[in-house]
Amino acid sequence: MNRPPLPRGAAYAVLAALAAVVILVSTAIFIGVGGHDGQATTSTRDNHGTAEPAASGEWIGSWATSPSAAEPNTSKGYAGQSIRNVVHTSIGGTGARIQLSNLYGAQPLAVTHASLALAAAPGSPAAAPGSMRRLTFGGQPTVTIPAGRSLLSDPVRLLVPAAADLLVTTYSPTPSGPVTYHPHARQLSFMARGDRTEDTQGLGFAAKGPYWRYLTAVDVWTQESHGAVVAIGDSITDGVTSTLGANRRWTDFLAARLRTEAGAPRYGVLNEGISGNRVLLGNSGPAPVNNPSGIDRFDRDVLSRTGARVVVMELGINDILRRPQQKDPQQIVNGLRQLVARAHARGMRVVGSTLMPFEGHKGAVPGQEVTRQGVNAMIRAGGVFDDVVDFDAALRDPENPGQLLPAYDSGDHLHPSDAGYAAMARALNLETLKGQAAARL
């Protein structure tokens, strides 16, 4: 007899329950295996799952975001509060580690307690049974991150499913200065007063906000995946008009294709989009500037990502739209070529996109369409990227090619709807993600 499909929440609950069972089994298997410091581990309960994963594999990025700004009105940070970030994995593994950033901090950030867990349900602050893990840093439960720096946690053993929500919680007892954050998460995260880092029920996390704070990456230990795709871009890559909490950015749709389609490379997908980002110019102000240019942030946000093998580049629209407005398409393409050369120097393949239409957007002025078409013509002619994904052709209105197709328009005539983001993912030929960087362009 055919049964109706489970609702999304119920299906996730089944996934979380199964993960909890496997966690308990794997914990038993790991008893007695040496920890990260070479000392025998007698029980995961004692060390909260901290240790190098025992099985062979490699570290690959499953989730990432760009630390893009100092959060306004946080001159003292969030002293005495717990921050619980909710993030969505692209690939799974048997262990995990995180990266925290104090890039925009004006003083050292003291983290005295940190944890990682599988969410009990999509977007929930509650942890799945048996999944809470205390995080350590260099073998210590506390760490101080200097201003302008970032660091990785020690690994923990945890069965991390693909396409699942993780909870990453940090507690800082003292003022830390401006908070490093990503403002357009399209995901609600949580805050609580006091140290609620290992609160499995999530009852104290009453405050919600659409930001990610301090957390910039989650890597997993995997035998299934052998690389990651890094998507660098602007608000379109950031997914600012996608449905909140639904994971419908174009990169989420791409991750689903890579997990399910026959012959697809089993890569993690890392979203490094920043709203308003440009190729050539960042915001003005003292270093580090909010919203640095693609050229300035490329090493940090792309080349340094764990397991990164391919870059998908969607940048250039804001160079045309934002003041000072770039009118010369050659200057934009020259900037893109700089990024490609740096990726090639690391052996990374680059797939670049054409610039999508924006006629009717409130920021558009006459003459900008000429610049956009000039950039696209050079991209389509070849010699800029290893391969091209034609987002312009995929999302434009055939009857009005300067505009987005209405079904793909979020309503502001610049950013796609959920259907538009799905169309972007469909437009990418997955074969272009395979192979090596071109020897010469």
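I looked up the pairing of strand β17 (residues 228-233) in this predicted model, and found that β17 runs parallel to β18 over six bridges. Within that pairing I noted V230 standing opposite L270 in β18.

I then checked the burial of β18, which spans residues 268-273, and six of its six residues are buried. G268, L270 and E272 point one way from the strand, while V269, N271 and G273 point the other way, and all are buried.

Next I turned to the nonpolar cores. The largest holds 93 residues, and W250, M313 and L433 are those with the most contacts inside it. Helix α7 (residues 329-345) gives this core its largest share, six residues, and the core draws at least three residues from each of domain 1 (68-218) and domain 2 (226-440). For L433 I listed the contacts beyond four places away in sequence, and they include V229, L258, P265, Y267, V310 and V312. Apart from this core lies another, of nine residues, among them A117, A119, L167 and A192.

Last, I searched for aromatic pairs, of which the structure holds four. The ring centres of W63 and W212 are 5.0 Å apart with planes at 80°, so I recorded the pair as edge-to-face. Because W63 lies in strand β1 (residues 58-64) and W212 in strand β15 (residues 212-213), the pair ties together parts that are 149 residues apart in sequence. W63 and W212 are both buried.

For W250 and F391 the centres are 5.3 Å apart and the planes at 70°, so this pair too is edge-to-face. It links helix α4 (residues 250-260) with helix α9 (residues 391-395), W250 and F391 being 141 residues apart, and both residues are buried.

Methods:
Residues are numbered from 1 along each chain as its sequence is written. This is a predicted model: local features need pLDDT of at least 70, side-chain atom pairs count only at pLDDT 80 or more; totals for chains, interfaces and linings use all residues. Side-chain values use heavy atoms; hydrogens and water are left out. A nonpolar core is a set of buried Ala, Val, Leu, Ile, Met, Phe, Trp, Tyr and Cys residues joined through side-chain atoms within 4.5 Å. Buried means under 20% relative accessible area, exposed over 50%, partly exposed in between (1.4 Å probe, protein chains only). Helices (H or I, at least four residues) and strands (E, at least two) are DSSP runs, numbered from the N terminus. Domain bounds come from an automatic or database domain assignment. Contact means heavy atoms within 4.5 Å. Two strands pair if DSSP finds at least two bridges between them. Rings of Phe, Tyr and Trp (its six-membered ring) pair if their centres lie within 6.5 Å; planes under 30 degrees apart count as stacked, over 60 as edge-to-face and the rest as tilted.
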